[in-house]
Amino acid sequence: MTQKQDAADTAANSSTIDRRNFLKAAGAGVTATGLTGYVGFQGNPTLDVWLSYYTEGKTKRQYTDNLIRQYQNQTGTQINVTGVPYTSVVTEFQSARAAGNVPHLVEVMTRPGILAGGAGMVVNDLWQSSTLADKASDKVMQGHRVWGAQSTGKKGNLVTFPLGFRPYFTAWRTDWLNQANIDPSEVNHEAGSLHWRNDMPGIYDRLKQTQMGQRQGSFPDTTGMKQSDEEYLSLYIPQHGGSLSGVVNVAATEATIDSQPARDAIKMQFEYINRGYFHQNSINHGDEESTTLHWSGQTACNHIQDSTDLWGDYLEEQGQAMRNGQYTWGLPMNAGTKAALAWLPALGFIGDAFTNQQQQDAAVDFIEWWVGDTTRAVQNAKNLGFVPVSPNQIQNADFFAQTNMHEQFWRGACLKTLQQFKPAVIPAVPGADAITYDIPRGMHQSIAQQLQQGTGMDQAVNQATSQAATEINRLLQRNQ
């Protein structure tokens, strides 16, 4: 395949497309949501695509419908979209694979384990022939190569193309900072990445001493090390010097949760709860709880896991506060390392689905068109939270920089994260749901119970992480 320009520049025909024929797997429980009002193409490639984010609200769905309609009309390639929630995509994909009826492309971000076990197609040659190969940041692609290595067992393989990246960053309430006499530049992107142990205790103490900090039920932070699921341990263990894929090694052959970096990360969470830095229930807080506490002023800092939270929640529901500068945006905190790019929205290529080169080329054309064009990259960011894969797109495009808040977010927190941080990734291993969520969650609960019974911190953490490693290794061996 020759290197291409944007498909929008070369497409000649405009057509209408029929409502997609749902995959047979839809009968097994897939939440299928197709586009309406189309007449089918004749003699052109057809791609079946599963998008999990498509199920997450009207804005994302309508934007994607319009995007795909535009591409279909320009190129004649039919894109059949099926919305499959993140929570059920693994089981639905297993059913589809057993039935021999898999999609060509599957969105992976929190569930890259579906690409393991030979499901993912190696796409190195396709990637090298793509225009995106010249645009995408090496930092972004490092994370994709980790997935490829885990999925195929060979270092350097790729099984995914990037749709963007979703950075972790901090959101601070400026009213609480003002009470603590903390200039925003001490904690936002201008400060760089703050160190968990060297920098944060002093900042947290100052926040606690304010009027807002003295209120009952208020804490400086809550999500700094919150939750035991894959999004967080896959980031915070690397931040303490552990594996870039969190609870397992990069090759996905051995647990890394029973290691000193992992124990340091887990122990810090409980220590900071005891010291009143983190909300007392932060281990059990999900994203919604944490964000609600932040908006109500019960916490000074919220760790935004991805930019969807900015556009989907803060910008839409806190519009006036955002415009008035009531929040300021900082880089991820670290514990001696800079690991941050834990969320990598991507499309994984499914080997069993592609039957000819025309389909493969069509898939590459579609992703190039979607991701590589700067104008569309801006709209992807606004509507989907996909930060562009190219630093030049962030630096040069007008990413809604009408306000200081936007400037802080795009060219401050997002650009610096992309340029400075190492890409931690959620593990792409068989049984990942149990490995990266169920087992670590049980580990956290065990530590909490032991501490309540009077067991010392070190002993409780060591025992629980050792048991978690045994359970993870057992699953890894069984699923090889």
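Alanine 469 counts as buried, because its relative accessibility is 8%, where buried means under 20% relative accessible area, exposed means over 50% and partly exposed lies in between, with a 1.4 Å probe and protein chains only. Alanine 469 is found in helix H19 (residues 457–479), and helices (H or I, at least four residues) and strands (E, at least two) are DSSP runs numbered from the N terminus. The C-alpha atom of alanine 469 is separated by 8.9 Å from that of valine 248, although the two are 221 residues apart along the chain.

This is a predicted model, in which local features need pLDDT of at least 70 and side-chain atom pairs count only at pLDDT 80 or more, while totals for chains, interfaces and linings use all residues. Residues are numbered from 1 along each chain as its sequence is written, and side-chain values use heavy atoms, with hydrogens and water left out.

**Strands and their pairing**

- Strand E3 (residues 105–108) is covered on both faces, with Leu105 and Glu107 on one side, Val106 and Val108 on the other, and all of them buried.
- E1 and E3 run parallel and are joined by two bridges, two strands being paired if DSSP finds at least two bridges between them; the bridge partner of tryptophan 50 in E3 is valine 106.
- E3 is also joined to strand E8 (residues 346–349), in the antiparallel sense and by four bridges, and the bridge partner of valine 108 in E8 is alanine 346.
- E5 and E7 pair in the antiparallel sense over four bridges, and tryptophan 172 stands opposite threonine 328 in E7.
- In a regular strand the side chains alternate between the two faces of the sheet.
- In strand E7 (residues 327–330), Tyr327 and Trp329 point one way and Thr328 and Gly330 the other way, and all are buried.

**Aromatic rings**

- A search of the whole structure finds 22 aromatic pairs, where rings of Phe, Tyr and Trp (its six-membered ring) pair if their centres lie within 6.5 Å, and planes under 30 degrees apart count as stacked, over 60 as edge-to-face and the rest as tilted.
- One of these pairs is formed by tryptophan 50 and phenylalanine 93, which are edge-to-face at 6.2 Å centre to centre with 90° between the planes.
- This pair links distant parts of the chain, since tryptophan 50 is in strand E1 (residues 46–51) and phenylalanine 93 is in helix H3, 43 residues apart.
- Tryptophan 50 counts as buried at 1% relative accessibility, and phenylalanine 93 is buried with a relative accessible area of 4%.
- The rings of phenylalanine 169 and phenylalanine 409 have centres 5.0 Å apart and planes at 75°, so this pair is edge-to-face.
- Phenylalanine 169 lies in strand E5 (residues 169–173) and phenylalanine 409 in helix H17 (residues 404–420), so the pair ties together parts that are 240 residues apart in sequence; both residues are buried.
- Phe169 and Phe409 also belong to one aromatic cluster with Trp295, Tyr314, Tyr327, Trp329 and Trp410.

**Charges over rings**

- The charged end of arginine 376 sits over the ring of tryptophan 369, 3.8 Å from its centre, where a charge sits over a ring if NZ of Lys or CZ of Arg is within 6 Å of the ring centre and within 35 degrees of the ring normal.
- Lysine 338 lies over the face of phenylalanine 421, at 5.7 Å from the ring centre.

**The second largest pocket**

- About 320 Å³ of space lies in the second largest pocket. On a 1 Å grid over the protein atoms alone, a pocket is an open set of points where a 1.4 Å probe fits, with protein on both sides within 12 Å along at least five of seven lines, and lining residues have an atom within 4 Å of a point.
- The lining of the second largest pocket has 22 residues, of which Val90, Gln94, Gly113, Ile114 and Pro430 are the closest to its centre.
- Helix H3 (89–98) and helix H18 (432–452) each supply at least two residues of this lining, and the largest share, five residues, comes from H3.

**Positive phi in loops**

- Asparagine 181 has a positive phi of about 55° although it is not a glycine; its place is in the loop between helix H6 (174–179) and helix H7 (200–208), and asparagine 181 is exposed, with a relative accessible area of 65%.
- Alanine 252, also a residue other than glycine, has a positive phi near 60°; its place is in the loop between helix H9 (230–239) and helix H10 (260–274), and alanine 252 is buried, with a relative accessible area of 6%.

Technical notes: Points joined across faces, edges and corners; volume = space filled by probe spheres on them.
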